[in-house]
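Okay, thanks everyone, I'll keep this short. Have a look at the model on the screen, and then I'll walk you through the parts I like.

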Amino acid sequence: MTIIKSITHSKSLLQQISGHQKLANDPELTDLLNSLSVELETITLAASQLLEEQASIQGSVISNTKPKMKSGCYIFADQKGFFCPHCYDNTGHKIPTKRMNSKLRVCPSCRSSIS
Ligand SMILES: [Zn+2]
């Protein structure tokens, strides 16, 4: 959000300059300041749109990386193996489960049985 802060600060600086006595009789400077103020409005709009886009991209990245379920475990596209869903949901760590038999897996970290 620092970009919005900078823009807000720029606007208040511009206001201080615009309110300056020396400018009162200088139409050329007043024109320039008006143009600058219009540009700042454009930047404000562009910045808030960018921030919104960024937020929605981040949201979709998170939902895309949500792991798939297989045999009660999480599987990941970029990593082989079956991982404990409890550990991943609670801590974000990928803990590979250990196979006990054909129907049962156990997490070595939280000790859950996954079948
Ligand atoms: Zn676990």
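So, the protein chain has three helices and six strands; helices (H or I, at least four residues) and strands (E, at least two) are DSSP runs, numbered from the N terminus. Going along the sequence, you get α-α-β-β-β-α-β-β-β. Quick housekeeping: this is a predicted model, where local features need pLDDT of at least 70, side-chain atom pairs count only at pLDDT 80 or more, and totals for chains, interfaces and linings use all residues. Residues are numbered from 1 along each chain as its sequence is written, and side-chain values use heavy atoms, with hydrogens and water left out.

Now the overall shape. A compact globule of 115 residues would have a radius of gyration near 13 Å, and the protein chain comes out at 28 Å. That radius is taken over C-alpha atoms, and the globule rule is 2.2 Å times the number of residues to the power 0.38. Along the principal axes, the C-alpha atoms fill a box of roughly 90 × 20 × 15 Å.

On to the metal. Which residues hold the zinc ion? The protein donors are Cys84, Cys87, Cys107 and Cys110, each through SG, lying 2.2 to 2.3 Å from the zinc ion. Donors here are N, O and S atoms within 2.8 Å of the metal (3.2 Å for Na, K and Ca), and water is not among the atoms, so sites may look incomplete. The site is tetrahedral, with angles of 104 to 115° among the four donor atoms; for four donors, that label needs all angles between 85 and 135 degrees. The spacing in sequence reads C-x2-C-x19-C-x2-C. Cys84 sits in the loop between β3 (79-83) and α3 (85-91), and Cys107 in the loop between β5 (105-106) and β6 (113-114), so this pair ties together parts 23 residues apart in sequence. Both Cys84 and Cys107 are buried.

Last stop, the sheet. There's an open sheet of three strands, in the order β4-β5-β6, with antiparallel pairing. β4 (98-99) and β6 are at the edges with a single partner strand each, so one side of each has no neighbour in the sheet. β4 and β5 are joined by two bridges, and strands pair if DSSP finds at least two bridges between them. Arg99 stands opposite Arg105 in β5.

That's me done, over to you.

Conventions
Tetrahedral: all angles 85-135°; square planar, octahedral: opposite > 155°, others 65-115°. Buried < 20%, exposed > 50% of the residue type's maximum accessible area, 1.4 Å probe, protein only.
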